[in-house]
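I opened my notebook to record what I looked up in this structure. The entries follow the order in which I checked things.

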Amino acid sequence: MKAEAVDAVIRGLKRAGVSVATYLPDSLLKELYPALDADPDIRTIPVTNEGEGAAIAGGVFLSGKRAVLVMENSGLRAATEHLARMGLGAGIPVVMIMSYRGEMGENNWWAIPHGITMEPLLQTLRTPYTVVREVDEIETAVVRAYETAYASYYHAAVVLGGDLVR
């Protein structure tokens, strides 16, 4: 992930008032995690699976603060049960920032299913999302995801694709 993209994500999170970032590291966003860890305004909580990260982010919302769940899009499948219960059942929003594995041009056979399932799964969960492929769109996309999530009491996602993560 390019340094300009990392900076744009962090600027967007700060503009949105995020104080906690939970994440399961992946290779496409590997430059983002140390930057989040180093930021004095954002507490980071690494997790062992994405469902755990979603639950923590939901708990942060209940405490009156804002969190983000950062993961590879494959983690959406792992977090689906948690997201469905919190979003569909309880009105607890989780904002996600995901890398787009399996996008057109993917060269790893094992990653193709991530791309095939991500958008249909987001639609099934009724989660508004945007796919961002340009650095100058990241910050605004992150801020808008929080505006949407906190106005609707539901999830929102920003998916980073294309050359941003390649």
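Entry 1. At which residues does UniProt place the feature "domain: Thiamine pyrophosphate enzyme N-terminal TPP-binding"? I found it at residues 5-99, in an unreviewed entry. I note that the model I am reading is predicted.

Entry 2. I looked up the make-up of residues 5-99. The chain there is 49% helix and 23% strand.

Entry 3. I turned to a pair of helices, H1 (residues 3-15) and H6 (residues 135-152). Their axes come within 8 Å and cross at roughly 25 degrees. Angles under 35 degrees count as roughly parallel, and H1 and H6 are therefore roughly parallel to each other. The crossing of H1 past H6 is right-handed.

Entry 4. I listed who makes this contact. From H1 come Glu4, Ala5, Ala8, Val9, Arg11, Gly12, Leu13 and Arg15. From H6 come Val135, Ile138, Glu139, Val142, Val143 and Tyr146. I sorted the residues of the contact by type and got 9 nonpolar, 1 polar and 4 charged.

Entry 5. I went on to charged pairs. Side chains of opposite charge can pair when their charged atoms come close. How many salt bridges does the structure hold? I have 10 written down.

Entry 6. Lys14 lies in helix H1, and Asp39 lies in the loop between helix H2 (32-38) and strand E2 (43-46). The two residues are 25 residues apart, and the pair links distant parts of the chain.

Notes
Residues numbered from 1 in each chain as written. Predicted model: local features only at pLDDT ≥ 70, side-chain atom pairs only at ≥ 80, totals over all residues. Heavy atoms only, no water. UniProt positions renumbered as here; feature names shortened; annotations may be inferred. Helix = DSSP H or I, 4+ residues; strand = E, 2+ residues; numbered from the N terminus. Axes fitted to C-alpha atoms, helices over the stretch in contact; angles between N-to-C directions. Parallel < 35°, antiparallel > 145°, perpendicular 65-115°, else oblique. Left-handed = near helix turned anticlockwise from the far one by under 90°. Contact = heavy atoms within 4.5 Å. Nonpolar A, V, L, I, M, F, W, Y, C, P; charged D, E, K, R; others polar. Salt bridge = Lys/Arg side-chain N within 4 Å of Asp/Glu carboxyl O.
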